Amino acid sequence: MSDTTGIRGRRDLLKLLGTAGVAGLAGCGGGGGSGGGDGSTSAGTTTSMEATTMPDVQGQYVSASSVDAQSLNWLTIADSTSGSYITATLDGTWAVKPNREIFPLWADYETDDGRVYEIQLRENLEWGAGYGQMTAEDWVYMIKNVFQAQPNWSGYPNSGDWFRVNPESGEREPIPVEQTGTRTFEIRLFEVDPAFPFKPVLWRQQCIPKGILEKYVPNKDTEGLKQDEELNTLAYTGNLGPYTYETWERSARYTITRNEDYYLTEVDAVPERFRNAPYFSQSTTRVIKEESTRLGALESGEVDAAGIPPDKATRFENLSNVDVNVTPQPFVRNIVYNMRANGWTPFRSKTVRQALAFAVDKETIVENILRGYGQVAQTMQPRWSDWYDDSRVTEFGVGDRYGPEKTRSRLESALSDTEYAYDGDRLVNGAGEQVTLSIYYDSGQPTEGTMAEFIAREFDENAGIAVQPQAVSSSTFQSNYVQTSAPDGADPEWTAGTFNGGPRDVATSAEPWDMSVNLQFNTYPFTPASSKGFFEQRGGINYYGYYPDEDIGALYEEATATTDESRRRELFGEAFGLISEEQPFSFLAMPSSVTGYATDVQGYDQKFNAGWDSQTWYFR
């Protein structure tokens, strides 16, 4: 989630789902994630240390989080809080600097044509728990038997990244992967994709030893894989990350210790500041659900970092012991509609969703609720990205595209062939009862609660729909409302994993719901095609049951395969225009990420993806 902790802004930046309100080592969470918005910072904020200034290894870095991780088994997660816990112990293939330059970690790559990529692993990578050297065999076995397994028995949410849809047959085809040496393997794309190294499919991609996976692959043992002790205690991480797992007290704290054998300290041709990384002896994430307690801990110096809600930013800017850092971040705040069988059926209609988009004043959300720390959102990209095309985006919820008359006239027309109609200013069902919907928000986020209350008033006043805000913890929402599956005994036509268990009339969440604002979606400004799964019927993260009217995925694929930069911009512009028109969810805002750091914490920056080098942060 964008609500991250521990080592922040690394692999969690690539995760699909975000929630608000946490900070960690490399970025923040007050607005949700590492990076989005213009941002400024107080005078004490520093940039990365100079190579000539090698700090001492010292101290325990403590960050505060409003939510806990879901799991330490990265095959089963899609949230960035869990991702941040795991990434502290597993670096992954490579990082991407804010200037979009590749920084090799475990691996580097070569390509002559942008279609065939050879991945080269470093030779000093060692698994823990006796699994020996990391090899290409580990990678190829994992990709073919887990990522590309059909059906997706492991529930891996990003499995769709390892397939392409055949344009003639419409069938999914696995991307060919082949081992070419002890430490090299080859990925042969079907189409040229010059942006491939920047996609989450490989950017910071992690791996699991073949020796663990082969215990579960033959029998497709889903439960065994989920419960594996070595995966759930990160026992296999060896020298592969800056820190080593120590303890996890659920809903309380997560503690990791400096890895004395960190492989990157022995690598040539890296900046000097990596030579003795990391510089904290220990790092702890404290789970503090109550906002006032969390902020009090930051103010008193009990924690070194915490996300700051927008309405509290001024207070912390005036403190001498805290520096406030505001950065761009990739997560968009939406009203997500449940279009599955246990949601409100009219959400399935594009014209209904469009009508409801007239009901909520987005500028009030940004200016009054986010206190100016953010921008109005209209589609699946921030306005500051290279792929946003104003001329194609359909705007809602601003200016003359907002208000009660505009909402009700469109909603009345959209529902004309259903049981729903207006009785005065109220929208009623066939029994004459006012339509009443639920909207869920994170119980640990008062700002989110304020937003839910505002949306409820707007729906009542502008659409005649009664909305009941419901507070729920982030972990409960993910387990009871986001995870979807078919009933026992049912045999769904297809399944796309934990978060999309099959067709929307068959697979549902454990509990019914109508709307939510407690998960933000990653827009992937570096590689926008990475959000394709949000807009596909069989997308791995489509827990809300959206079936697109237009083939948005095909536009993504065509844009990905072209080497002509202007043509790629045109295609992405068309895709984001269609997304804004279809309103798969109601886009509200791109919050900025607001984090408070103790003044002795050094090394962070104010750029998007500034946490790529968080293992080099230190205490002054």
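Reply: Let's start with R100, which counts as partly exposed because its relative accessibility is 33%. With a 1.4 Å probe and the protein chains only, under 20% relative accessible area is buried, over 50% is exposed, and partly exposed lies in between. Please keep in mind that this is a predicted model, in which local features need pLDDT of at least 70 and side-chain atom pairs count only at pLDDT 80 or more, while totals for chains, interfaces and linings use all residues. Residues are numbered from 1 along each chain as its sequence is written, and side-chain values use heavy atoms, with hydrogens and water left out.

Me: Where is R100 found, and what is its phi?

Reply: Most residues other than glycine have a negative phi, and most peptide bonds are trans. R100 has a positive phi, near 70°, and sits in the loop between strand 3 (94–96) and strand 4 (102–104). Here helices (H or I, at least four residues) and strands (E, at least two) are DSSP runs, numbered from the N terminus. Q583 is not a glycine either, and its phi is positive at about 50°. Look for Q583 in the loop between helix 14 and strand 26 (586–591).

Me: Is Q583 buried or exposed?

Reply: Q583 is buried, because its relative accessibility is 0%.

Me: Which residues does a cis peptide bond join?

Reply: Q150 and P151 are joined by one, with omega about 0°. P151 belongs to the loop between helix 2 (136–147) and strand 7 (163–165). The bond from A277 to P278 is cis too, with omega near -5°; P278 lies in the loop between strand 12 (253–258) and strand 13 (282–287).

Me: Now the sheets, please. In which order do the 4 strands of the open sheet come?

Reply: Strands of a sheet pair through backbone hydrogen bonds, either parallel or antiparallel. For this count, two strands pair if DSSP finds at least two bridges between them. The order in this open sheet of 4 strands is 5-6-10-9, with antiparallel pairing. Strand 5 (107–111) and strand 9 (177–181) are at the edges with a single partner strand each, so one side of each has no neighbour in the sheet. Ignoring direction, neighbouring strands of this sheet are turned by 25° against each other on average.

Me: How many bridges join strand 5 to strand 6?

Reply: There are 5 bridges between strand 5 and strand 6 (residues 116–121), which run antiparallel. As one example, A107 has L121 in strand 6 as its bridge partner. Helix 2 lies across strand 6, strand 9 and strand 10 (184–188), and runs at about 170° to strand 9. Such angles run from 0 to 180 degrees between N-to-C directions, with axes fitted as lines to C-alpha atoms, for helices over the stretch in contact.

Me: What is F198 in contact with?

Reply: Contact means heavy atoms within 4.5 Å. Apart from neighbours within four places in sequence, F198 is in contact with V96, R100, I102, W203 and T527. F198 lies in the loop between strand 10 and helix 3 (210–213), and is buried because its relative accessible area is 10%. K350, in helix 8 (residues 350–356), counts as buried because its relative accessibility is 19%. With the neighbours within four places in sequence left aside, K350 is in contact with D549, E581 and E582.
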